Amino acid sequence: MTVKVLLLENIHPIAVEILEARGFEVELRPGSLSEDELIAALADVHLLGIRSNTTITPRVLEHASELLAIGCFCIGTNQVDLAAAAERGIAVFNAPYSNTRSVVELVIAEIIVLARRLAEKTQRMHDGVWDKSAKGSHEVRGRTLGIVGYGNIGTQLSNLAEAMGLRVIFFDTADRLAHGNARRVSTLDELLAEADVVSIHVDGRPGNAGLFGAEQFAKMKPRSLFINASRGMVVDDVALREHILSGHIAGAALDVFPVEPKAQGDEFTSVLRGLDNVILTPHVGGSTQEAQEEIGYFVAGKLAGFALQGQTALSVNLPAVQAPDLDRGYRVGYLHINVPGVLAGVNQALAEQGDNVIGQYLSTRGQQGYVVTDAVDPLSDDVLKRLIDSPHTIWLRTWQA
């Protein structure tokens with residue numbers, strides 16, 4: 001069977017190279033697709049690659065009968081209905097670390113540009129106005145950066161900010177180890193009262209929607225700065241606009257928005273357009289050549305490993321099994337409902353056949369279990385049929401070295 005791959009949203013060409021080198025048939029498209037367009041496009045597609053502008057709904061998945069896996073060539077996966085994909089045994093992978101440095105460098109640059117009010121200065125120069133003034137312009141050294149969300153990006157931002165002379169405080173609902181001299185604060189309100197710059201780095205889980213609104217902006221220090229390079233739905237842009245116009249917030253930088261254009265060149269609308277000392281960028285936090293190449297390499301490798309060898313390590317929705325590369329014999333991947341006795345049944349079937357197992361790897365996640373078994377000889381058709389016909393089976397696949 002030829003594995004067919006559809007890659008959307010200008011995914012880096014290295015992903016095409018990696019997948020084609022494994023014998024896959026790859027189609028690359030520049031933009032995202034609507035729900036109806038996806039349903040039509042996925043009729044015979046086995047692997048789908050997307051970025052943040054393509055939404056995978058249960059209706060899309062219902063019609064994608066051949067789909068094995070989805071690769072999110074980005075950090076977030078909230079654009080995919082993960083539960084619906086898991087229910088159908090469709091693996092979802094992402095790139096949780098690959099663009100971390102690129103996002104952090106953008107945030108560092110924005111802190112300096114906002115503190116020096118450089119966006120205003122350059123615009124006035126383009127307008128032909130020579131405005132040489134230190135009014136409202138500050139060094140960042142000695143200022144306090146408050147990081148909301150101290151995960152991969154938040155911690156690396158913490159390290160670089162300290163190297164520049166910023167004091168760092170952070171708030172996270174999860175237990176996180178402080179890096180360097182960074183200091184944890186116990187509440188978001190405490191962070192807002194102390195920070196000269198607030199930078200948001202939370203994920204896209206539903207509970208974070210509306211995290212920052214009028215109440216939170218009102219609690220920030222007067223003339224402080226605000227940065228959001230996480231998710232657009234986290235921030236109430238209307239409330240931010242009001243606090244910028246009032247002068248309470250001295251400047252802001254946003255790379256993500258509640259509603260973003262679907263395609264290159266589409267009109268961008270926002271209540272924050274036209275405001276002084278407000279930096280608006282088109283979701284380019286991870287859009288460096290280095291980050292996109294690394295994401296393309298990483299996610300394409302995960303998709304190929306799943307399709308060719310049943311590997312689910314770092315899957316965000318299926319049980320994660322770190323099975324080694326298959327270099328001899330035969331492999332059976334068995335995704336099943338997580339009930340007692342399934343693994344014993346698999347091994348009993350192997351024993352009855354007299355097959356020699358050379359490796360077995362098991363993981364569970366919620367209501368699902370996944371066992372990968374490597375054996376010297378292939379399972380007989382009778383054994384395979386017995387497993388496939390089990391009421392606990394979601395899917396069973398085989399591979400040969």
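Author: Strands here are DSSP runs of E, at least two residues long, numbered from the N terminus. Keep in mind that this is a predicted model.

Reader: Where is the place of Arg331?

Author: Arg331 sits in strand β13, which covers residues 330-337.

Reader: Why is Arg331 called buried?

Author: Its relative accessible area is 0%, and buried means under 20%. Arg331 therefore counts as buried.

Reader: What makes Asp374 and Arg331 a salt bridge?

Author: The closest N and O atoms of Asp374 and Arg331 are 2.7 Å apart. The rule asks for a side-chain nitrogen of Lys or Arg within 4 Å of a carboxyl oxygen of Asp or Glu, so the pair qualifies. This pair links distant parts of the chain: Asp374 is in strand β15 (residues 368-375) and Arg331 in strand β13, 43 residues apart. Both Asp374 and Arg331 are buried.

Reader: Which backbone oxygen atoms does the side chain of Arg331 reach?

Author: That of Gln309 at 2.9 Å, and that of Pro324 at 2.7 Å. Polar contacts need N or O atoms within 3.5 Å.

Reader: How do you know whether Asp172 is buried or exposed?

Author: Asp172 has a relative accessible area of 12%. The cut-off for buried is under 20%, so Asp172 is buried.

Reader: And why is Arg176 called partly exposed?

Author: Arg176 comes out at 38% relative accessible area. The side chains of Asp172 and Arg176 meet in a salt bridge at 3.4 Å, N to O.

Note on methods:
Residues are numbered from 1 along each chain as its sequence is written. This is a predicted model: local features need pLDDT of at least 70, side-chain atom pairs count only at pLDDT 80 or more; totals for chains, interfaces and linings use all residues. Side-chain values use heavy atoms; hydrogens and water are left out. Helices (H or I, at least four residues) and strands (E, at least two) are DSSP runs, numbered from the N terminus. Buried means under 20% relative accessible area, exposed over 50%, partly exposed in between (1.4 Å probe, protein chains only). A polar contact is a pair of N or O atoms within 3.5 Å; within protein, one must be able to donate a hydrogen and the other to accept it, and residues adjacent in sequence count only if both atoms are side-chain atoms.
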